[in-house]
Amino acid sequence: MVDYGIKYWSNDDFIIEDGVVKVNHKNKPSLLEIVEEIREKGYKGPLLIRFPHLIYKQITQLFCSFENAIKEYDYKGHFKAVFPLKVNQMPNFVLPLVECSQNLCYGLEAGSKSELIVAMSYTNLSSPITVNGFKDKEMISLGFIAAKMGHDITLTIEGLNELLGIIEVAKEMGEPCPKIGLRIRLHSTGTGVWGKSGGINAKFGLTSTELLEAIRLLEDSKLLAQFSMIHFHIGSQISDISPLKKAIREVGNIYAELRKMGASNLTCVNIGGGLAVEYTQHEDSNNRNYTLSEFSGDVVFSLKEIARNKKEREPNIFIESGRYVSANHAVLITPVLELFSHEYDEKALRLKEKNPQLIAEMLDLYQSITEKNAIEYLHDSLDHMESLLTLFDLGYIDLTDRSNAEVLVHLIIKKIIKLLKYKNHNEIIRIQEQVQERYLLNCSFFQSLPDYWGLAQNFPVMPLDRLNRRPTRSASLWDITCDSDGEIAFDAKKPLFLHDVDVTKEEYFLGFFLVGAYQEVLGMRHNLFTHPTEFSVVFDDDLNKGYEITNLLEAQNVLDVLDDLDYDTKEIERILKQRIEDAKIDEDDKKELLGQLYVMLSENGYLRTITKNGE
Ligand SMILES: *Cc1c(COP(=O)(O)O)cnc(C)c1O
């Protein structure tokens, strides 16, 4: 039995019991029963399942952890947090997040006008809004509108021009003004693929010279009282905590210096996001070297020390963790459509009366493999295969012979894997490195795991069932886009093994976990595959099953996708209809074809069925 590293990445959100993956909450339903329930209703493509209880779990962990640290160190500042909308703007994520955090000082962070509108509409008036990113006068005015509505909103200034914008808008729109934050350009940086947000060449933030100028401008325009926060963000998925500690020391000292210069309402240090998520499925390849309680302890302790040394009040701590709060709430389920080697069973052999010598030898190898000679025979058959391919290129054997060679190699590999299944795992791994099974998944990696494509970020993946059976096939995963980048290749350093299943007879599903951060809006419609059908699983003790399926949103249908690209879909329908009417075929056939076509236009573009052998 293999546990797919669930103890490393799942944080007890999911567990393996009785050979299946279960949601580790309340009555612990299996993912498979949830998936089967929804598939019975006709949703056959990939599925994105959301678990709102996991959003709540992450937020409460974050608050508890910081509140514990604050108690432990007898820290005088408060803890507040916002969710950065860029990490997940989907309504079925954001609305439950806002609802479950009503009693906490938890708000939203916006980086664009559209995100700000979401924040202004859904943030509780008592919770904070922060606004980062580049802003024009219009966006600044939007911030003033939010302040007038009664929102606790802070506009973070990324450059001096933005500050001039605020000063101008303040003259036009008057009180109440939003609070003002200044983003600091640190000389310390983060690490890892995302660590570009800090450093002297960072895209955002004010240098010390600009900070001094900003304070002067605020003073001159009588806005210094609005200045209440300094901010930094050293990048996402901080793998090592030491750069963060360094950044906090840098920012803590800037905080104290600015207060001494008269910024007496400066009370908040916003440490941005970056709290990492553990994605690894393998021992010794951890993505982070700290726990949440070390993280919060370090932040609180460092700020306390600086405040004491500089004799300033301990600042309120603000955090903008996005990945940590959202990653675990969503699971992508993909049906396996095909195992490519399954075309190769004995029935596929087309042996002749007289076969080429090498084919005859391969057949002999196949029939006489034993546990003992397995590895030797494997190498022989791979050599034979090479030679046969050369013979084909030279014109000495025909296509039937070539096909027989392919089939025999696959049969030999399968037989060996079966023979060695319980005996010699290292040998199996050696074979598997040479020959992998390719699993075709009904999904698009470009749409659902864009960070795999763009940043080589691995997401934990495992089958939903058969977990009490040892998986024997080394797997590479293919999506259904016609792009060769739509492949998660087998990696001997992080091997993935899956089960040998006949998907024409039994269903097999893979789950990709921790896909709730960044993937959804970053996902692209390559080949015009859309966001998969999604729904939420909400636990409720009063229900028989213990949970209900809500917020079902079906994947967009073909016409809606084309409409999004600004095709005239009425015209497309008209043309298609006309072309069928003009076709030189039976009138009855025309009706039939038209009917079929309309059904397909109203469905999404993922595959619904595969052709089953003999059915
Ligand atoms: C992206 C971003 C975040 C969120 O970072 P995570 O790594 O997802 O926690 C927070 N603050 C700012 C300014 C950001 O740009």
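Student: Is the crossing of helix 13 and helix 14 left-handed or right-handed, and what makes a crossing one or the other?

Tutor: The crossing of helix 13 and helix 14 is left-handed. A crossing gets that name if the near helix is turned anticlockwise from the far one by less than a right angle; clockwise makes it right-handed. This is a predicted model: local features need pLDDT of at least 70, side-chain atom pairs count only at pLDDT 80 or more, and totals for chains, interfaces and linings use all residues. Residues are numbered from 1 along each chain as its sequence is written, and side-chain values use heavy atoms, without hydrogens and water.

Student: Why is helix 13 called roughly antiparallel to helix 14?

Tutor: Helix 13 (residues 374-393) and helix 14 (residues 399-420) pack at about 165°. Angles run from 0 to 180 degrees between N-to-C directions. Under 35 degrees is roughly parallel, over 145 roughly antiparallel, 65 to 115 roughly perpendicular, and the rest oblique. So helix 13 is roughly antiparallel to helix 14.

Student: Why are helix 3 and helix 10 called oblique?

Tutor: The axes of helix 3 (residues 52-72) and helix 10 (residues 292-310) cross at roughly 45°. Helix 3 and helix 10 are therefore oblique to each other.

Note on methods: Helices (H or I, at least four residues) and strands (E, at least two) are DSSP runs, numbered from the N terminus.
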